[in-house]
Amino acid sequence: MSTLEAPEAERATRVAARARGATKIYGGGAGEVRALDGVDVDFEAGRFTAIMGPSGSGKSTLMHCLAGLDVLTEGEAWLGDIELTGLSERERTKVRRDRVGFVFQAFNLIPTLTARENVELPSRIARRRPDKQWTREVVGALGLADRMSHRPTELSGGQQQRVAVARALATRPEAIFADEPTGALDSRSGAALLDFLRRAVREMEQTVVMVTHDPNAASYADRVVFLGDGRIDGEIVGPTAEAVLDRMKTIGGPA
Amino acid sequence: MMRVALRNLAATKLRFALTALSIVLGVAFVTGSFVLADSLRASVDKIFDDAAGANDLVVRSVEGPTGDRPIFALDTVAEVQAVDGVSDAAPRLEGAGALLVDGDATGIGISNWVDNEALSSFSLSEGRGPTDADEVVLTKTLAGDEGLEVGDAVALRGDGPVRDYEVVGLSTFSSDADDLLPYAFMTLPEAQSTLDVDGVYEIGVALEAGVDPDAATEALSAELPAGLEVVDGQAAIAADREQVQDTVNVLGNALLAFAVVAVLVGSFIVFNTFSITFAQRRRQLALLRAVGARAGQIRRMLIGEAMLVGLVASVVGVVAGLGLAVGLEELIGLFGDEIPTSETVLSMRTIIVAVVVGMGVTLAAATLPARRVSKVAPVAALRDDAGSPRRSGWRGTVVGLVLAALGAGALYAAGPVPGARTSLILIGAGSLAIVGAAAFLAPTLVPVASRVLGAPLRFLGVPGQLGRDNTAREPRRTAATAAALMIGLAVVSVAAVFAASAKETLTNQVDSRLLGDVIISPDEDGFEGLPAGVDQRIAANPDVTAVGVASFSQWSDGEKTRDLVSIDPVAFAEVYDAPVADGAVTDLAPGGVLLDEGLADDLGLEVGDTLPMTTPGGQLQARVDALIDDQILGNAVIHTADLPRLDPDAVPVFMVAAGPEGTDPAVLAETLEADVGDFPGVLVQDRDEFVADLRAEVDQVLNLIYALLALTGLIAVIGIINTLSLSVLERTREIGLLRAVGLTGRQAKRMIRAESVLISLIGALLGLALGTVLGVVISNETPIIEVVQIPWAQLGLFAAIAALAGVLAAVWPARRAAKLDVLRAVTAD
Ligand SMILES: Nc1ncnc2c1ncn2[C@@H]1O[C@H](COP(=O)(O)OP(=O)(O)O)[C@@H](O)[C@H]1O
Ligand SMILES: [Mg+2]
């Protein structure tokens, strides 16, 4: 195992996603909401980063803007060497397809497709041959090998989320963005999923950015970035659940 | 949140608008059919009332044995005039003729001018009445159409050669319908001469003021010679009125039949929409149940809503129907005769029937979905399952199978029984049962069809596959949507197969039976027969080796009046090889008859037996010389030699000329055409042109049917739009997810389009298959159809059109899918 694990210094040299002066304003005039207010943050490649903060602090917005789902009002959002802000909807769609992996809290799978078809969806949308060997490796690691011909309704919630992770990984994206991926799972399934995300980063050299409420979930990450009122509000490298919880208490309790 | 709500509301409104639209179109079609028929009836009535009102009494001859009224002597006018109480009497004569302008013949009526307002429905609007033989009065609209004015010269033909006249006046009919009645009026002697009639048809009688019509009738009857009768003005035109009204009724009923198809198709759409929209409200309804609403209350609420939509749609439909009536009139005018209406009649009956139909369809379509959803368990409000409808019920499948068996049984039992009424009823009921069966079986058939037909969509990649999968997802919904199209296309393809078979039969018959090269017949404008002298002219051409002439007349067996053809068997057999069942055409000798095989069967006659025939000229104890089986010759054929005695007025209507071996029919036709060029209204065609004309006639009817079914197609397409936009709405989240993981807007559109085209094709191909099978069965069981042909190319074209309709139906839903707010879709709860 340890041979697969690259030295810490080497893993963290490249930046997979980066925000510079990222500002997102919803609405206008009196009802204006600054969901992001000049966020500068780097998410290094080959790392598992958690984003935490109270409800409404801008976690999802930041993630959406970095993942090409939404556009900043001001500032820059980089995914690898691509700046997303100036891209057309069509170009952003291609970026999402080829360079981003998504895991949402729920409803991640297309119900008419089998697990395998769901996993291969992004490459098949791009009309590319899925990387079979890689897919097999990912699917094997997720313990889904005998579930691949099932449809989502035939899978448990935990299995569904794992299929979603497999899909997110299948194209070896620049980064995987997961918005509270364990939010709808029981704690055992949640732990298994988080464990896998960590393995994907450590053993498969993937990059994961995860929004979470849960200090315990955040403790699986290499680093936790805190958001408050649309601004970066510190970070913890190598977090433990206790450290995160302490930190959360100081900024106004768990979200 | 407010915006989402508003958007939902807008979507709902639009959905209801689309639902309402399919009701509106169906109701409009029903209304339009009634309005057009009523308006025509009213116009016809007005014309006949005006015509009837012109005479207090009419003197005419008693109806002859074959339904015609012989002419009688002009002297009778003086006798009538002399009777007490009669103030005026005017002889009347009428016949078919043609107005010739620049070589084009327009069919008109020729009559004598009656210069007496009390006895004529026509009055002068300009100029004066004719006093000289070469003067005519034209009806004003006719003159206008032909660009003629008082003082112009015109050429007219009655029963003889063309004669030249001067227009001295223009007349109008007392109701404003004179364009229905294009007439040329002449002096009485000239009318008699040009129509070759030595007498009069009737005498119009005006009574002195205060004279009792009954008394006058009695007085007149006493004075008149035998064979004449006196009737009042209304009675005099009753038969004509009835005949025209019958035609109008046939047209009205035919339109209604198409309207019924449209309504039927629309009902599927309405049913579908209610099923989906009610199901979408399942959670909300469950909440109502949870707070204490009973199932019945919810059901009544939903049905009440539906009925409101139905009522509004019906009212709009009635108004739209008024417009559609005008459109239908134009359409029929485009394909056939113009049918001018002088007024628009919207009767209470029309409104009631239309609203009952609209509301009835809505009620029927809403009941089942409302009942289904009203049974929702209160806890469903708390569960997240969208309440996906159960798989297609086995009950529907059983009903479908039973209907299919009954239908097949009826069609089998109908068998090829020529012309039998029960057979027709069995065919109709059987076809209906089969179509109904298909509708019930559709939910079972659709998943299979979508797998098979959707297989090629694989090559369109993910969008194609998803589109296909989506059609199989809600089999009932897809089935109801496709069934609408299926029914429309089944009717279309029955018509197509039947028409193709009819055309092929005609072509084969002409090809195998017509030995001659050129066919001479009256052109379609108003002529009942060929002008005298044409036959001699044709026979005189040195390139012609044989001429067969067929004259048409009528005969009666005492109960029914039938067409009677007369030929010179030897000459005719040289140009036309009629199929015989017993004997030969040349067996026909004077005093004999060639009898249709089927009719001989009905009458229990064989060759050598005697058939008593009543003809306009008298009785004939006809000897049955041979039995024939031919559509053109018809029921009974007698020898030309008997014609002068049996019907001196019979006119030749059909001539076939043959040249020597190796003649080019087109060349011969050209020379013959030149030969008879001075006879107007004569159509000279070579074999190919003749066949093409026959085929074109079938095509014209077929095209009218297609045009009338177009509205049904439109309703079916609306159904597809409806279903797709509902699906897009329901799958907002799913489409958002797809877009999030990289499906481009264009691919999303392609996905919806694939779904749409597949639904269209499923409906179309099921319909085409069903219609083709039924068309073949019906054609097989129709005695006059000898060759059954399936017009593959045409059916293929329909499938292509259906696919195109699918593409068009997808335009708007696809745009919605592509424009979907991805972020909102994936983050929505
Ligand atoms: N589409 C939107 N329109 C208006 N305001 C929005 C929208 N999306 C998010 N917001 C606002 O932006 C802020 C940040 O939201 P979000 O990024 O979802 O926070 P978090 O994920 O940290 O809970 C909140 O105040 C939220 O109300
Ligand atoms: Mg959030």
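An oxygen atom of ligand 1 is placed 2.9 Å from a polar backbone atom of Lys59(A). Such a pair is a polar contact, that is, a pair of N or O atoms within 3.5 Å; within protein, one atom must be able to donate a hydrogen and the other to accept it, and residues adjacent in sequence count only if both atoms are side-chain atoms. The protein covers 58% of the 550 Å² of accessible area that ligand 1 has on its own. Accessible areas come from the Shrake-Rupley method with a 1.4 Å probe, and for residues only the protein chains shown count as cover.

The model is predicted: local features need pLDDT of at least 70, side-chain atom pairs count only at pLDDT 80 or more, and totals for chains, interfaces and linings use all residues. Residues are numbered from 1 along each chain as its sequence is written, chains are lettered from A and ligands numbered from 1 in the order in which they are written, and side-chain values use heavy atoms, with hydrogens and water left out.

## The surroundings of ligand 1

Two further residues of chain A have backbone atoms in polar contact with ligand 1, as the table shows.

| Residue | Atom of the residue | Atom of ligand 1 | Distance |
|---|---|---|---|
| Gly56(A) | backbone N or O | oxygen | 2.8 Å |
| Gly58(A) | polar backbone atom | oxygen | 3.0 Å |
| Lys59(A) | polar backbone atom | oxygen | 2.9 Å |

The shell around ligand 1 consists of Tyr26(A), Val33(A), Ala35(A), Pro54(A), Ser55(A), Gly56(A), Ser57(A), Gly58(A), Lys59(A), Ser60(A) and Thr61(A). A residue is near a molecule or strand if one of its heavy atoms lies within 4 Å of it. By type, the shell holds four nonpolar residues, six polar ones and one charged one. In this classification Ala, Val, Leu, Ile, Met, Phe, Trp, Tyr, Cys and Pro count as nonpolar, Asp, Glu, Lys and Arg as charged, and the others, Gly among them, as polar.

Which element gives the most residues to the shell around ligand 1? It is α2(A), with three residues. Helices (H or I, at least four residues) and strands (E, at least two) are DSSP runs, numbered from the N terminus.

## Confidence in chain A

The pLDDT is the predictor's confidence in each residue, from 0 to 100. Chain A has an average pLDDT of 88, and 93% of the residues score at least 70. Among the elements of chain A, strand β8 (residues 208-211) has the highest mean pLDDT, 95, while helix α1 (residues 8-11) has the lowest, 48. In residues 1-7 of chain A the pLDDT is below 50, and beyond near neighbours in sequence this stretch has five contacts in the model. A contact means heavy atoms within 4.5 Å.

## Loop residues of chain A

The loop between β7 (175-179) and α8 (187-202) of chain A contains Thr182(A). Thr182(A) is buried, with a relative accessible area of 13%. Buried means under 20% relative accessible area, exposed over 50%, and partly exposed in between (1.4 Å probe, protein chains only). Not counting residues up to four places away in sequence, Thr182(A) touches Gly190(A), Leu193(A) and Leu194(A).

Glu180(A) also belongs to the loop between β7 and α8 of chain A. Its phi is near 45 degrees, a positive value in a residue other than glycine. Is Glu180(A) buried or exposed? Glu180(A) is buried, at a relative accessible area of 16%.

Glu205(A), which is not a glycine, has a positive phi of about 60 degrees. Glu205(A) sits in the loop between α8 and β8 of chain A and is exposed, with 55% relative accessibility.

## Buried residues of chain B

Helix α1 (residues 2-53) of chain B includes Ser33(B), which is buried at a relative accessible area of 1%. The side chain of Ser33(B) reaches the backbone oxygen of Leu255(B) at 3.5 Å. Apart from neighbours within four places in sequence, Ser33(B) is in contact with Leu255(B), Leu256(B), Ala259(B) and Leu328(B).

Ser22(B) is likewise found in helix α1 of chain B and is buried, at 2% relative accessibility. Residues up to four places away in sequence aside, Ser22(B) touches Gly266(B), Ile269(B), Val270(B) and Ile715(B).

Val167(B) belongs to strand β8 (residues 162-173) of chain B and counts as buried, at 0% relative accessibility. The C-alpha atoms of Val167(B) and Gly151(B) are separated by 5.3 Å, although the two residues are 16 residues apart along the chain. Among the residues that Val167(B) touches are Val136(B), Leu138(B) and Gly151(B).
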